[in-house]
Amino acid sequence: MQFLISMHINPAVLDALTDEEKQALGEGHGKFMADCKASGEFVLTQALTDPSQAAVVSVRNGQPVVTDGPFLEAKEFLGGYYLVDVENRERAIELAAQIPDAGIEGLGVEVRQVMFSDGQLEA
Amino acid sequence: MSDSTDPREGFEDLLRELAPQVLGVLVRRYGQFEGCEDAVQEAVLAASVQWPAEGVPDNPRGWLVAVASRRLIDQMRSEHARRERESALAAEQAAEPAPEDVPDADDTLILLFLCCHPTLTAASQTALTLRAVGGLTTAEIARAFLVPESTMAARISRAKQKIKAAGGTFTLPEAAEREERLRVVLHVLYLIFNEGYIASSGGELSRADLAREAIRLVRMVHAQLPEDGEVSGLLALMLLTHARRDARTTPSGDLVPLDEQDRSAWDRGLIDEGTALVKASLADTTLGPYQLQAAIAATHASAATAADTNWKQVYALYLVLERIAPNPMVTLNRAIALAELEGPEAGLDLLATLDGDERMARHHRLLSVRAHLLEKTGDTSGAYELYRRAAKATASLAEQRYLEGRASRVKP
């Protein structure tokens, strides 16, 4: 079964990390991806640009209205995700715990099962 | 059973029948299951390109053995360049299939035991079984499980490494552990069938190819072990379940519950075969969980209408099943039968015994069965709440649509 492990980042928390901590974070993600690929559980990952670059689109009276910035006025934003194909929910949670963000106060790692998929998986 | 008109189907069936035999011959000759399995996969791929264009060779198995052997030798050469002379010698031997290279009748069973090695996860066992015994390509397996081919390739290669590390060999397990290992094999085949029958996620309810493949594999096991009651039971259960495939969804993909299915759309041929298997195995052997589940499916299949269902028999069978293989899901199904016999309150009382099980308490099946029974008692607002919660808890889109439909029917 497939699970989306999403990483909810807080830019202020990330900015406050030391260079060493930032480097460890990057290396941790690299190791996580390598392990996940070797075990045959990796499907896809994507990281998103800074929330300040987001645009919110709505359509009113048939006309699109575009506003800059993220939809939610929050401290945390969706920073990226891993899509994994695993044995069960417990394994997805076990994998989520290996993501370095899970060890940093103020960053959120969320696990949710996929209900429907479509599209090209061979990225 | 084939409902495809693809002209390639004929030789693909042949290829997939031959694949485990060729693998057996190779492993017997060279040892090293991992390398042989890769080589056979390459030979199968080569055949699927060459045979449609040039025709099936006179001796297709010999062709596959020769090609796979050559691939294996190439592999060994590149891995052990310094032992080139020995490899060259082996390559000469491999060019012509030796006359004694007749597949052993046990090969398929031995391969299944190896692919379903207990150290592997179920996901790895199913993938490796489909490739090494089912003769499917990595790409086909990846598509069936909706993962990238590279993911499936890594999973299969990791599985083979694990088997090697665990000391798995190409021999039948010792008699003492054979029974237990066979249960693992049957469980893996059951999982493959289920994956085809109801996708654990995704919008498509039925992936009939995996179900058919599981049936084909169980038939192979049954041919080797016709006296094993649980093998017969599993085959019967699959046939009886597969017989309902066309009736269980509407053309638009909506789920149709058992009591509302058009029974004239059930496949009588499969039902007859499955029922005969259950009857024979129940008479001959000690009872196991697959035989009992098949007997329950046969009871449903024998009812001309939902109202004609012999619920007394269904209840009794669930009671025995619960005794030999206790499981909250079995209790839940017994509660459905009990509600049919003694009314929805009796069913609800039995369901209440499952609330202590933390995982069960929020399981969508418990929520939806309780909703059904509450609806029957006339508690529509209670039923509405539970249908809604069940709809939120399921990971199946079709089931969610069905549950939301039930909820709106009883909306207060």
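Visitor: What pattern does chain A follow when read along the sequence?

Guide: Chain A runs β-α-α-β-β-β-β-α-β, with three helices and six strands. Helices (H or I, at least four residues) and strands (E, at least two) are DSSP runs, numbered from the N terminus. Please keep in mind that this is a predicted model, where local features need pLDDT of at least 70, side-chain atom pairs count only at pLDDT 80 or more, and totals for chains, interfaces and linings use all residues. Residues are numbered from 1 along each chain as its sequence is written, while chains are lettered from A and ligands numbered from 1 in the order in which they are written.

Visitor: How many residues does chain A have, and what share of them is buried?

Guide: A residue is buried if 20 or more other C-beta atoms lie within 10 Å of its own, exposed if 12 or fewer, and partly exposed in between, with C-beta atoms placed from the backbone. In chain A, 20% of the 123 residues are buried. The C-alpha trace of the chain spans about 50 × 40 × 25 Å along its principal axes.

Visitor: Is A:Phe32 buried or exposed?

Guide: A:Phe32 counts as buried because it has 20 C-beta neighbours inside 10 Å. You will find A:Phe32 in helix H2 (residues 19–38) of chain A.

Visitor: Which residues is A:Phe32 in contact with, leaving aside its neighbours within four places in sequence?

Guide: Two residues are in contact if their C-beta atoms, placed from the backbone, lie within 7 Å. By that rule, A:Phe32 touches A:Gln98 and A:Ile99. A:Leu95 is 63 residues from A:Phe32 in sequence, yet their C-alpha atoms are 8.4 Å apart. For chain A as a whole, take the contacts between residues at least 6 apart in sequence: 75% of these join residues at least 24 apart.

Visitor: How many residues of chain B are in contact with chain A?

Guide: On the chain B side there are 18, and they meet 17 residues of chain A. Helix H6 (122–132) and helix H8 (149–165) of chain B are the elements giving two or more residues to that side. H8(B) gives the most, with six residues. By class, the chain B side has nine nonpolar, six polar and three charged residues. Here Ala, Val, Leu, Ile, Met, Phe, Trp, Tyr, Cys and Pro count as nonpolar, Asp, Glu, Lys and Arg as charged, and the others, Gly among them, as polar.

Visitor: At what angle do the axes of H13(B) and H14(B) cross?

Guide: Axes are lines fitted to C-alpha atoms, for helices over the stretch in contact, and angles run from 0 to 180 degrees between N-to-C directions. The axes of helix H13 (residues 289–301) of chain B and H14(B) cross at roughly 165° and come within 10 Å. H13(B) and H14(B) are therefore roughly antiparallel; angles under 35 degrees count as roughly parallel, over 145 as roughly antiparallel, 65 to 115 as roughly perpendicular and the rest as oblique. Their contact has 10 nonpolar, three polar and no charged residues.

Visitor: What covers the buried residues of H15(B)?

Guide: The cover includes helix H14 (311–324), helix H16 (344–352) and helix H18 (364–377) of chain B. Among the buried residues of H15(B) are B:Val330, B:Leu332 and B:Ile336. After H15(B) comes B:Gly343, with a positive phi near 105°.
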